Amino acid sequence: MKNSRENNLYIQDTTLRDGMHAIRHGYTLDQVRNIASALDSAGVNAIEVTHGDGLCGSSFNYGFGSHTDLEWVAAAAEVVKNAKLTVLLLPGIGTIDDLKAAYDAGARSVRIATHCTEADISKQHIEWAREAGMDVACLLMLAHMNEPEPFAQQAKLMESYGAHCIYVTDSAGALLMDGVVDRFKAMNDVLDNKTQTGMHAHNNLGLGIAFNILAIEQGATRIDGSLSGMGAGAGNAPLEVFVAVADKMGLPHGCNVFGLMDAADDLVRPLQDRPVRVDRETLSIGYAGVYSSFLRHAENAAKLYGIDTRDILVELGNRKMVGGQEDMIVDVALDLSKIRGTANGT
Amino acid sequence: MKNKVAIIGSGNIGTDLMIKILRTSDVLEISALVGIDPNSDGLGRAKSMGVATTADGIDGLAKMREFDDIEIIFDATSANAHAYHDKVARKNGKTIIDMTPAAIGPYVVPVVNLDQLIDAPNINMVTCGGQATIPMVDAVKKVVPVHYAEIVASIASRSAGPGTRANIDEFTETTSKGIEAVGGANLGKAIIVLNPAEPPVMMRNTVYVLSEDTEIEKIRKSIEEQVKKVQEYVPGYRLKQQVQFERIGDNTPIHIPGAGDYSGVKTSIFLEVEGAAHYLPKYAGNLDIMTSSALKTAERLTELRKAA
C-alpha cells in the first residue's frame with residue numbers, strides 16, 4: 001500500500017466548476033477572476049473552470065451558462081499565475097473539438113468524467129489530451145453504483161488510455177466509509193504504481209471531509225474541494241475546512257488556510273442564492289443516491305408541477321437514472337402529477 | 001417483382017435489418033448478407049434463413065452471381081470502411097444507404113426530406129438519435145421558425161456497441177448537424193447518455209425546441225401528426241408525455257451563451273422508442289429506429305424511382 005505521508009497532496013479546487021451548479025451556472029467574468037485569483041494566491045494546485053456539466057454543458061437540459069466556457073476559462077487565465085487551469089469534459093456532452101478550444105483558451109489540465117460503468121467512451125478524449133501534453137485525470141461518477149472490483153476494472157481501462165489519475169467520484173454523496181475505502185483498495189490492487197488516485201466528495205450525508213481523509217489514508221494524492229463547499233447538492237468537501245484539518249494532521253498541502261477562509265466567506269458564500277448545505281432536499285439526494293446536480297432542476301419541477309422535491313428525487317433513484325439525465329426530472333414530475341391528478345396538461 | 005438489395009455488415013444492425021426485410025417488406029428482397037467473419041452470428045442466421053452470404057466483404061459481394069441484380073446496398077459497417085464501399089457501389093451503379101457516421105452523402109430522415117433525394121447515389125441515415133428527434137424539430141419548423149433545438153438521447157448501455165463507444169463524438173456532432181441541416185433549426189445541440197440499469201432501459205429522447213411565438217395548439221397538432229407518420233415505419237415510436245409548452249417573454253429571454261437572447265415558445269417533447277425485437281431486444285429502440293428508417297428509405301426510393 002502507498003504511504004500517503006510521503007506524497008505531496010495535489011489540491012484541486014472545484015468552486016468555479018461544481019460550484020456552477022449551486023448558482024445555476026451564473027458566475028460573471030469578474031467573479032471568476034476574483035475567485036480564481038484568490039485561489040491562486042492561497043496556493044491551490046489546480047483550478048477547474050467550466051460549466052457545471054463540463055464543456056458545452058450550456059443547454060436547456062442542464063441550464064444555460066451566463067457565459068461560454070471559453071469566456072470563463074480565458075477570464076481565469078488572465079489572473080492565474082501558478083495554479084493549473086483545469087476543464088471538465090463529459091463524453092456525450094462535450095467533444096474533442098471543445099477541448100481543443102479550451103486548450104487554446106489556456107486550459108492545461110482536463111478531467112474526463114463518465115458514469116462508473118462506461119469508462120470506454122472516454123478513450124478518444126483521453127488519448128487526444130495526452131497527445132496535446134495535457135494533465136489528464138478521470139472521474140468515475142456516481143461511484144456508489146458500481147461495486148469495488150468492477151469499479152477498479154473501469155479505472156484500469158482509463159489508465160490504459162493514458163489517464164494520470166483516477167478519481168472515486170461520489171456524485172450522489174451516497175457512499176459510506178467502507179464504500180470509499182474498498183474502492184481505493186480495489187484500485188490499488190490493479191492500477192500501476194505511477195497512476196495517482198483522487199477523491200471527489202459531495203457532502204449530502206455530511207461525510208465529505210472524512211472521505212478526503214480516508215482517501216489519503218488509502219494513498220490518494222489528489223483531493224477535490226471547493227470554497228464554502230460551493231457545489232451541487234449539499235456541495236463538495238469545503239476546501240478551507242479540509243485544509244484546516246490537513247494542517248492539524250500535518251499533511252503536506254501547500255495552501256494558506258486563512259486565505260481560503262477569507263475567499264470562502266468574502267467571495268463565494270455571498271453568491272449563494274440557495275444555501276449550499278445539508279437540508280431536507282440535499283440530504284434526500286444522498287439518501288436516494290441520485291446525481292447531486294439534479295437538485296435545482298428537481299426543485300424547479302416540484303414548484304411547476306406541484307409535487308414534493310423529495311418525491312421526485314426518490315423516484316429518480318428508483319428508476320436508476322444516471323448523471324446527465326436531467327430531462328427525466330420533468331418526466332418523473334409529470335408521472336407523479338398524473339398519479340395525483342394534479343397534471344395541468346400543458 | 002421485388003427490388004433486390006444487399007447488406008454489408010453482419011453485426012447487430014445488419015442482421016436486424018435483414019430480418020426486417022425478410023419479415024416485413026413487400027417491396028424489397030434480400031439477396032445477400034455480407035460480413036468479414038465467417039463465424040459471426042449474423043452470417044449464421046442468414047444461412048439458416050436461406051439468404052446468400054459472403055465473409056469477404058464488398059469485394060466478395062461483387063464476385064457473387066447475385067451482384068448484378070442488386071440495386072441498393074445498405075452499409076452497416078463503420079465510417080472508416082464506408083469510403084471504400086461507397087467507391088465500389090458507385091462504380092457499379094448501385095445506390096448505397098449509409099448507416100455509418102461517414103456522411104459522404106446527404107442526411108436523410110424519411111418523413112422530412114427523403115422525397116427530395118430520389119437521385120442521390122449515397123444517402124446517410126444520420127444517427128439513431130437523429131432519426132428519433134429530427135422529425136419533431138421539423139414538426140415545429142413547419143409551424144414557426146426555430147431558433148434552437150436540443151435533444152437528449154438516453155440508451156441502454158447494452159445497446160451501445162463498440163463502434164459507438166469508441167467514437168461518441170460522432171454521435172453528438174452528426175446529430176447536431178442533422179438537427180440544423182434536416183430539422184431546420186438555426187442552431188442544434190445533441191447530448192447522449194448511456195444508462196447501465198438492469199433490466200435495460202428503453203430508448204428515451206427528449207427534444208427541446210425554442211421557436212418564435214405562435215399558437216401553441218398549432219405546434220401540438222403538427223407534432224402529433226408527425227408522430228403518426230413516424231409510427232408507420234417505427235411502430236414503437238411514441239410520445240411518453242403530453243407535449244409541454246412554456247412562453248418565453250421578451251422581458252425574460254433565454255440567454256444562449258455565444259448565440260444571443262431569444263424569446264418565443266419553448267416546446268418540450270418526451271419520446272420513447274420501443275424496438276420491434278426482430279433480432280435485438282425491445283429496449284434497443286435506438287438500433288430499431290436506425291434499421292427501420294433505412295428500410296423505409298430503401299422502400300420509398302424504390303417506389304419513387306418506379307413512378308419516375
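Helices here are DSSP runs of H or I with at least four residues and strands are E runs of at least two, both numbered from the N terminus. The model is a predicted one, so local features need pLDDT of at least 70 and side-chain atom pairs count only at pLDDT 80 or more, while totals for chains, interfaces and linings use all residues. Residues are numbered from 1 along each chain as its sequence is written, with chains lettered from A and ligands numbered from 1 in the order in which they are written.

In chain B, B:Ala103 has phi near 55° and sits in the loop between β5 (95–98) and α5. For burial, the count is of other C-beta atoms within 10 Å of a residue's own, with C-beta atoms placed from the backbone: 20 or more is buried, 12 or fewer is exposed, and anything in between is partly exposed. B:Ala103 has 21 C-beta neighbours inside 10 Å, so it counts as buried. In chain A, A:Arg24 shows a positive phi of about 50° and belongs to the loop between α1 (18–22) and α2. With 17 other C-beta atoms within 10 Å, A:Arg24 comes out as partly exposed.

On to chain B as a whole. Chain B carries 10 helices and 14 strands, and its C-alpha trace spans about 70 × 50 × 35 Å along the principal axes. The radius of gyration is taken over C-alpha atoms, and the globule rule is 2.2 Å times the number of residues to the power 0.38. For 308 residues a compact globule would come out near 19 Å, and the 20 Å of chain B agrees with that. Of those 308 residues, 53% are buried. A contact means that the C-beta atoms of two residues, placed from the backbone, lie within 7 Å. Taking contacts in chain B between residues at least 6 apart in sequence, 69% join residues at least 24 apart.

Next, the domains, whose bounds come from an automatic or database domain assignment. Chain B splits into domain 1 (3–125 + 288–307) and domain 2 (128–281), with C-alpha centres 26 Å apart. Between them, 23 residues of domain 1 of chain B touch 27 residues of domain 2 of chain B. On the domain 1 side, α1 (12–24), α5 (110–113) and α10 of chain B each supply at least two residues. Residue classes go like this: Ala, Val, Leu, Ile, Met, Phe, Trp, Tyr, Cys and Pro are nonpolar, Asp, Glu, Lys and Arg are charged, and the others, Gly among them, are polar. By that scheme, the side of domain 1 of chain B that touches domain 2 of chain B has 12 nonpolar, 6 polar and 5 charged residues.

One helix pair in chain B is worth a look. The axes of α6 (residues 128–141) and α10 (residues 285–307) of chain B come within 7 Å and cross at roughly 75°; axes are lines fitted to C-alpha atoms, for helices over the stretch in contact, and angles run from 0 to 180 degrees between N-to-C directions. From α6(B) the contact draws on B:Cys128, B:Gln131 and B:Ala132, and from α10(B) on B:Asn286, B:Leu287, B:Ile289, B:Met290 and B:Ser293. By class this contact has 5 nonpolar, 3 polar and no charged residues.

Chain A is divided into domain 1 (4–271) and domain 2 (293–340), and their C-alpha centres are separated by 26 Å. Here 15 residues of domain 1 of chain A meet 8 residues of domain 2 of chain A. Within chain A, helix α3 (residues 69–79) has several buried residues, including A:Trp72 and A:Val73. The buried residues of α3(A) pack against α2 (29–41), β2 (46–48), β3 (84–89) and α4 (96–105) of chain A.

Finally, the two chains meet through 30 residues of chain A and 33 residues of chain B. On the chain A side, α5 (123–131) and α14 (327–340) each supply at least two residues, and α14(A) gives the most, with 4 residues. By class, that side of chain A has 9 nonpolar, 15 polar and 6 charged residues.
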